[in-house]
Structures are given as C-alpha cells and as structure tokens.
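Here are my notes on the model you asked me to look over. Have it open next to you as you read.

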Amino acid sequence: IRDRYQRRVHGTQPTSTGNHFLAVNMFSKIALLSLVAVAFAGVPTVSICSGSTALLRDPEWTITPNDIKSNENISVVASGTFSQQISGGNIKLVVKINGIPFLNTNLDLCETLKEAGKPCPIPKGAGELDIAYAIPQIPFKGKVEIKAEVTNDSSPSQEVACADAIVKITE
C-alpha cells in the first residue's frame, strides 16, 4: 500500500529511505490530523480511550461534515478541560489499513500544534481546538484504524488523551 501510495501521490517509484521518509512523514501528519481532523473519506467513528487520570477531561469531538469524502474541506472541533498546563509532550500514532500495520510513529506535540497554527503550551482549563483541513484524493479503499495516544513531558509522563478513529473508505 505504501508503494502504491507513493506512486499515485508523488508519481515516483519507491526508492531509498529519503523518499520513504517523506511519504511516511507526510502520511504521519495526515494521520495525526485524522485524530483531530479524521482526514479520510467515509463516516468516521471516534472513541475516547483515555483513562480516568488523563489530563484532558470530558473530551468532545465535532466533525463537519460527518460523511467525509475526498477533495472536500472539513472542520473538526475538539474540546475539553485540561487539568493542568501542557508544556510539551509526545503523540504516539498507530495506523492500520485493512488490518495491516502501516504507520507506527512518535511526533512532538508542540511542533505538531505549531504546524497546525495552534499555540503551545496548552493552558490549564477549558480549551477548544478547531482545525480546518482539505481532504486529499485517497488512493485506496478499505478500513483505516487510527490510535493516537498523547502524553506530556513530565517525569514520569502522564496521559493527556487517547482516541481511536475508524473510517471506512468507499470511494
């Protein structure tokens, strides 16, 4: 799937680590936004997998439109209450396509937020993250499963949030 994705999206044959890194890095950004923006075609199902001690309390997600298709714009609003300021952290992102592991990566929380035009640190208290995202042409069909676990930089690290997203791509 990764090779087919690279040929279709980039018009190139997969080669060495350089092209693989660019494709994985780009896909990891898309997959991360999938947690926040569910960046795939279909009707997304998002469930919260955070434990009772997670630093983000009462998380809610609103995705508009809720039937996502290729080549359209979506808006995702994630809200909740942070029990403490989050000065930095890590996002562990695992993506499976049709049950096959596709991506397993770690991203810096603040770098990712800044790339999305959002502030870091995240202040204590009620917060809302609104992200608009243009959905690209999706080069495959099937079921995409995404798990994102966010932890802070404290020692030991604490869970900030956890979410699972499932999208069935039919177009």
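The points below cover the disulfides and then one of the sheets.

1. First, some housekeeping. This is a predicted model, where local features need pLDDT of at least 70 and side-chain atom pairs count only at pLDDT 80 or more, while totals for chains, interfaces and linings use all residues. Residues are numbered from 1 along each chain as its sequence is written, and side-chain values use heavy atoms, with hydrogens and water left out.

2. The structure has two disulfides, a disulfide being a pair of cysteine sulfur atoms within 2.5 Å. Counting bonded cysteines along the chain, the pattern is 1-4, 2-3.

3. Take C49 and C162: their disulfide has an S to S distance of 1.9 Å. The angle about the S-S bond is -80°, and the link of C49 and C162 is left-handed. This pair ties together distant parts of the chain, 113 residues apart: C49 sits in the loop between β1 (45–48) and β2 (56–64), and C162 belongs to strand β8 (residues 159–169). Helices (H or I, at least four residues) and strands (E, at least two) are DSSP runs, numbered from the N terminus.

4. How accessible are the two ends of that link? C49 is partly exposed, with a relative accessible area of 24%, whereas C162 is buried at 4%. Here buried means under 20% relative accessible area, exposed means over 50%, and partly exposed is in between (1.4 Å probe, protein chains only).

5. The other bond joins C110 and C120, with the sulfur atoms 1.7 Å apart. C110 is in helix α3 (residues 109–115) and C120 is in the loop between α3 and β6 (125–134), ten residues apart. C110 counts as buried at 12% relative accessibility, and C120 is buried too, with a relative accessible area of 15%.

6. On to the sheet. Five strands make an open sheet in the order β1-β8-β7-β4-β5, paired antiparallel. At the edges are β1 and β5 (100–108), each pairing on one side only. Two strands pair if DSSP finds at least two bridges between them. On average, neighbouring strands of this sheet are turned by 15° against each other, direction ignored; axes are lines fitted to C-alpha atoms, for helices over the stretch in contact, and angles run from 0 to 180 degrees between N-to-C directions.

7. Within that sheet, have a look at strand β4 (residues 89–97) and strand β7 (residues 142–152), which run antiparallel and are joined by nine bridges. Which residue of β7 stands opposite K96? That is E145.
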